[in-house]
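Reader: I have a model to read and want to learn feature by feature. Can we go through it together?

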Amino acid sequence: MRVAAIDCGTNSIRLLIADVATGGHGRERETPILTDVLREMRVVRLGQGVDATGMLADEALERTFAATEDYAALIRDHSVDHIRFVATSATRDAGNRDVFVAGIKDRLGVEPVVVCGAEEAGLSFAGAASVLPTLKDELVLVVDLGGGSTEFVVGNADGVQAAISTDMGCVRFTERYLLSDPPTATEIAAAEAAVEAKLVDVLAVVPLAAVTRVVGVAGTVTTITAQALALASYDSEAIHAAVVPLQDMDKAAGELLGMSRAERASLGFMHPGRVDVIGAGSLIWRTVLRRLAVLTQGRLESATASEHDILDGIALGAAGGLD
């Protein structure tokens, strides 16, 4: 079987075309294994202004529809059997999401699924866990730091144990707090306080103090990891499964947060669509990791970056691997 998965978030829209095989056995059924055929990513900033207006902007819809038309052509060229399109934070927050849904269906032939935060969290965990060597005797926290929301999911070999989606992300927090270039100390302090407030909500649901490993997914985390690894250009193979000491991740996040946009744009690994929002993403990731270090009393010493995330979870769903 060949499947196509599309993840449409607040900042980017991504396509994965993968072949599906069966390997090993899960608790109740055989576990699908994905082999990549094609991965594509476009920064379309669908969530432009949604935090302030509650509506998807016309120009953001146009950018997203254009990318979808390109993806539809790639899907046709690769003879895909099943397609699944999932939309997340920006779309579920928008009062005019019916326009988005109709536009995607017209261009792709399938209706996009607008998932709730809990579903998004589960998909993120499934994608990240699909490439972890083992979950035996581990309680893993997966943090999916997106443009409009951040999901916190704790799970083990039996699957997801607790999850929550929060309204903080690199686009949302840039538009709310980090308005200067580079951000001021006052703006940074306000954003950090907002992250800490969100973490109070997370702690009420997710047992952060008990986790044995943290895995960060999505472009913000992988970009910060590239900075921590001092990469000259973006290298997925070097970034995926990289285990970075917390102090190194903290340092890299602080460096990106403190840079001007021009300085960020000069970095060889920096995608142009992340230049203006990576500062807020770095602030969120740094604050989360600092809180985890305190909560685990120093037991948690590193963070793992994964290139496999909600997009892989969507593909597994298209393959029948998820309920």
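Reader: Is T296 buried or exposed?

Author: This is a predicted model. Under 20% relative accessible area counts as buried. T296 has a relative accessible area of 1%, so T296 is buried. T296 sits in the loop between α12 (278-295) and β11.

Reader: Which residues is T296 in contact with, leaving aside neighbours within four places in sequence?

Author: They are L208, A209 and V211.

Reader: What is the phi of Q297, in that loop between α12 and β11?

Author: Phi of Q297 is near 55°. That is a positive value in a residue other than glycine. Q297 is exposed, at 75% relative accessibility.

Reader: Where is A230, and what is its phi?

Author: A230 lies in the loop between α8 (219-228) and α9 (236-239). Its phi is also positive, near 55°. A230 counts as exposed, with 65% relative accessibility.

Reader: Which residues does a cis peptide bond join?

Author: For a peptide bond, look at omega. Here D181 and P182 are joined by a cis peptide bond, with omega about -5°. P182 belongs to the loop between α6 (170-176) and α7 (185-203).

Reader: In what sense do β7 and β8 pair?

Author: They pair in the antiparallel sense, over 7 bridges. E151 stands opposite S165 in β8.

Reader: How far apart are G155 and L229 in sequence and in space?

Author: They are 74 residues apart in sequence. C-alpha to C-alpha, G155 and L229 are 27 Å apart in space.

Reader: How many disulfides are there?

Author: Check the distance between cysteine sulfur atoms. A disulfide needs them within 2.5 Å. The count here is 0 disulfides. For C116, the nearest cysteine sulfur is that of C8, 17 Å away. C116 is partly exposed, at 38% relative accessible area. For C170, the nearest cysteine sulfur is also that of C8, 14 Å away. C170 is buried, at 2% relative accessibility.

Reader: How many aromatic pairs does the whole structure hold?

Author: For ring pairs, read the centre distance and the angle between planes. A search finds 2 aromatic pairs. One of them is F173 and Y177: 5.0 Å centre to centre, with 65° between the planes. Over 60 degrees counts as edge-to-face, and this pair is edge-to-face. F173 is buried, at 1% relative accessibility. Y177 is partly exposed, at 21%.

Reader: Which residue lies over the face of F65?

Author: R107 does, at 4.2 Å from the ring centre.

How values were computed
Residues numbered from 1 in each chain as written. Predicted model: local features only at pLDDT ≥ 70, side-chain atom pairs only at ≥ 80, totals over all residues. Heavy atoms only, no water. Buried < 20%, exposed > 50% of the residue type's maximum accessible area, 1.4 Å probe, protein only. Phe/Tyr/Trp six-rings, centres within 6.5 Å; stacked < 30°, edge-to-face > 60°. Lys NZ or Arg CZ within 6 Å of the ring centre and 35° of its normal. Pairing = 2+ DSSP bridges. Helix = DSSP H or I, 4+ residues; strand = E, 2+ residues; numbered from the N terminus. Contact = heavy atoms within 4.5 Å.
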